Amino acid sequence: MKSANGCTVITNGTVIIGTGAAPIPHATVIVRDGKIEYVGSAEQGPLVDRAAATIDARGGTILPGLIEAHFHPTYFNIEALEDLDIKYPVEYVTLLAASNAKLALECGYTSARSGGSLFNIDVWLKQALESDLVPGPRLAASGREICSVGGLMDWNPDFRKIGMEGLVLLVNGPDDARAAVRKLVKDGVEWVKTYPTGDAASPDVNDHHTLCMTFEEMHAVVATAHNHGLKVTGHCRATQGIKNALRAGYDTIEHGTFIDDEALELILQRNVPVIPALYFEQASIERGPEFGLSQRVIDGHQETLEGGAESALRILRAGGRLGMGGDYGFGWNPHGQYARELSFFVKYVGFTPLETLTCATKTGAEILGRDHELGTLEAGKLADILIVEGDVLADISRLEDRQKFIAVMQGGVVKGGQLMQPQWSQG
Ligand SMILES: [Zn+2]
């Protein structure tokens, strides 16, 4: 992904660095050749040559580009789970994924970690993003997800004779689990997404208290993935599934819904980031009836929401790390509404806006393994910067409205917001 050349000075805004430190009022940010050179008070800043471009933040907020830590570019706002594997061919899903990536960038998300991909689209989407063929977040790619036979993702009955090859690698035992990871190694993914537990979406045989993989399968996944330098995460709701994942050596935990004292201790021991994705539950409860979700499913989402919110707050207060990722891409939780997750953590879960933004920036970069170059506004890092009208800390829901964005910058290049210039294709 190309960075900008030359110097840009952003003035007249309050800077949120992203580390959780107090905001800096009347601040200046100097960007040179795509990297941050200076962040601090305007008075103490270095002199800047007159040729530098300037951006007036108009008294608004300057913060690191947001990081979506549970992003499904290939999920196309599906209205039923089955749509994922049977509605569209790979050709069309690829185009939808590119469109979702562009939307995420426009929404201020300059980086994202995938939470699972249809086919092997993420890997090639990443290639297209890195080559500036299409705009979108800097992406950490996942591949097809791993689940045991009969588990949450194995929803098509055998008589339909649907292989589900584009969605999930179904495993029976550790040998299959190793084979599945080896396929993903060849596919070129960075993250292996698994299904240790069920979900409220499947109340009959794979609900949120059901295990969908054995410890032996999970351990085989981790050993094989780590051997090849891949990271592992998993959909973990049931308490035992969370503990299995932590003991098997998972690198992150998705959801981490029902933790007990022992699970919390395990999370803290290795400082494993957890990505709760809670607004998805709220959206499922609020809008589920429109999409035909049954009352049992909605009740399950209510239980999941309450458990997940309590666990997220416990983890944060105990000093653990949380990533902000919203699992967007369902009809009732569509792409483009990513920042609702952040507002929800402030309004419902009880995080402060600054805590929420630290999760959505610094911790996001740590999850990506790129915290040396992304996630905070500090000298030497890439200039992935979001400039928003008004005070984001006073009203975090400003991040939901991209009309209020003055600029979305990636490597110092303005890629979204009011200052975005019309783009012409190269050729
Ligand atoms: Zn997901």
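**Close-up views of the sheet and the zinc site**

**View 1. G13 is bridged to G60.** In this predicted model, G60 of β4 is the bridge partner of G13. The strands concerned are β1, residues 7-15, and β4, residues 53-64, which run parallel and are joined by seven bridges.

**View 2. Strands β1 and β4 belong to an open sheet of seven strands.** The strand order is β3-β2-β1-β4-β14-β15-β16, and the pairing is mixed. The edges are taken by β3 (35-41) and β16 (413-416); each has a single partner strand, so one side of each is left without a neighbour in the sheet. From one strand to the next, the twist averages 40 degrees. Strands of a sheet pair through backbone hydrogen bonds, in either a parallel or an antiparallel arrangement.

**View 3. A zinc ion is coordinated by H70, H72 and D327.** The donor atoms are NE2 of H70, NE2 of H72 and OD of D327, at 2.0 to 2.2 Å. Along the sequence, the donor residues follow the spacing H-x1-H-x254-D. H70 lies in strand β5 (residues 66-71), whereas D327 lies in the loop between α9 (295-317) and α10 (340-349), so this pair ties together parts that are 257 residues apart in sequence.

**View 4. Two of the zinc donor residues, H70 and D327, shown for their accessibility.** H70 has a relative accessibility of 1% and therefore counts as buried, the cut-off being under 20% relative accessible area. D327 has a relative accessible area of 8% and is also buried.

Notes: Residues are numbered from 1 along each chain as its sequence is written. This is a predicted model: local features need pLDDT of at least 70, side-chain atom pairs count only at pLDDT 80 or more; totals for chains, interfaces and linings use all residues. Side-chain values use heavy atoms; hydrogens and water are left out. Two strands pair if DSSP finds at least two bridges between them. Helices (H or I, at least four residues) and strands (E, at least two) are DSSP runs, numbered from the N terminus. Axes are lines fitted to C-alpha atoms, for helices over the stretch in contact, and angles run from 0 to 180 degrees between N-to-C directions. Donors are N, O and S atoms within 2.8 Å of the metal (3.2 Å for Na, K and Ca); water is not among the atoms, so sites may look incomplete. Buried means under 20% relative accessible area, exposed over 50%, partly exposed in between (1.4 Å probe, protein chains only).
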